[in-house]
Amino acid sequence: MLHTELFSTPVSFASVSDIREQLLESIPPRTHMVHIVSLNPENLIRMKHNSEFEKVVRTTRMHLPDGIGTTIALHILKGVSVARLTGVDTMDMLIGQASKRSLRILLIGGKGNLAEKTADCYKSRYKNLPIWAVTGYQNIFDPHESETKHIETIVRSIKPHLIFVSFGSPQQEIWIERHRDLFQGCVVMGVGGAFAMVSGELPRAPRLVRIVGLEWLYRLVREPWRIWRQLKLAVFIVMVVRERLGK
């Protein structure tokens with residue numbers, strides 16, 4: 001585990017071995033919730049403009065270096081090299097390992113029946129996998145109490161070991177922390193668009209493109225509207241340059 005600071009915020013970046021040793025080897029039993037937070041450049045920008053999200057990042061003990069920009073920033077600012085670890089790859093790894101131990105899994109979120117389609121994909125990959133899915137909210141920005149109670153009922157009845165939430169950042173991470181008491185004993189991670197990738201609704205970039213860190217460009221070509229989100233990379237570059245010059 002790499003314990004350091006980025007933009008004055010303490011972070012603890014995990015590797016694949018950290019996740020296997022610190023999470024999978026201790027499930028069950030566990031009495032507290034473990035929240036995994038992915039930190040790509042867009043989330044690092046959000047962190048500095050959203051105080052509640054920054055508090056979530058500060059209190060979380062395990063972060064993923066998700067995004068080539070994050071790994072480059074660590075190299076420039078801290079002189080360390082870490083392997084990029086995406087949310088979808090981490091979810092895949094955790095579910096694959098969980099299938100060998102019959103750990104219960106719950107998927108929450110996604111539009112329409114996306115969570116259910118994702119669960120079906122994993123069931124076809126792993127025989128007798130104990131996995132459930134629930135849509136969650138029609139609109140995470142306007143949640144209804146009945147929707148929250150429905151999720152709470154499912155969590156209490158299933159008692160999952162692993163929970164993956166797809167509401168988009170930073171809403172998913174903030175929502176997880178607000179419901180920390182509900183997830184005691186669970187490993188919980190916000191996974192953004194991972195359900196869409198696993199279900200095939202959003203094709204992933206070819207492996208070589210992912211290896212060289214250009215998955216963002218592949219998605220931009222397929223989804224030109226993302227240009228407005230990608231422009232935030234310029235903001236991130238400015239943040240890194242200022243931090244470097246400040247030191």
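Colleague: Which residues does Thr135 touch, not counting residues up to four places away in sequence?

Modeller: In this predicted model, Thr135 touches Ile108, Gly109, Gly110, Gly112, Glu116 and Phe167, once residues up to four places away in sequence are set aside.

Colleague: And where is Thr135 found?

Modeller: Thr135 is found in a loop, the one between strand E6 (131–134) and helix H7 (145–158).

Colleague: Is Thr135 buried or exposed?

Modeller: The relative accessible area of Thr135 is 19%, and because buried means under 20%, Thr135 counts as buried.

Colleague: Let's move to Thr86. Where is the place of Thr86?

Modeller: Thr86 also has its place in a loop, and this loop lies between helix H4 (68–78) and helix H5 (87–101). With a relative accessibility of 7%, Thr86 counts as buried.

Colleague: What does the side chain of Thr86 make a polar contact with?

Modeller: The partner is the side chain of Asp89, and the polar contact between the two side chains is 2.9 Å.

Colleague: Leaving aside neighbours within four places in sequence, which residues is Thr86 in contact with?

Modeller: With those neighbours left out, Thr86 is in contact with Leu64, Asp66 and Arg204.

Colleague: What about Asp181, buried or exposed?

Modeller: Asp181 counts as exposed, because its relative accessibility is 70% and the cut-off for exposed is over 50%. Asp181 has its place in the loop between helix H8 (171–178) and strand E8 (187–190). The C-alpha atom of Asp181 is separated by 38 Å from that of Ala234, a residue 53 residues apart from Asp181 along the chain.

Colleague: Changing topic, what does the secondary structure of the protein come to?

Modeller: The protein has 13 helices and eight strands. Its radius of gyration is 18 Å, close to the 18 Å that the globule rule gives for 247 residues, so the protein is as compact as a globular protein of that length. Along the principal axes, the C-alpha trace spans about 55 × 40 × 35 Å.

Colleague: How many of the residues count as buried, as a percentage?

Modeller: Of the 247 residues, 51% count as buried. As for the contacts with a separation of 6 or more, residues 24 or more positions apart account for 72% of them.

Terms used: Residues numbered from 1 in each chain as written. Predicted model: local features only at pLDDT ≥ 70, side-chain atom pairs only at ≥ 80, totals over all residues. Heavy atoms only, no water. Helix = DSSP H or I, 4+ residues; strand = E, 2+ residues; numbered from the N terminus. Rg over C-alpha atoms; globule rule 2.2 N^0.38 Å. Buried < 20%, exposed > 50% of the residue type's maximum accessible area, 1.4 Å probe, protein only. Contact = heavy atoms within 4.5 Å. Polar contact = N/O pair within 3.5 Å; in protein donor to acceptor, adjacent residues only side chain to side chain.
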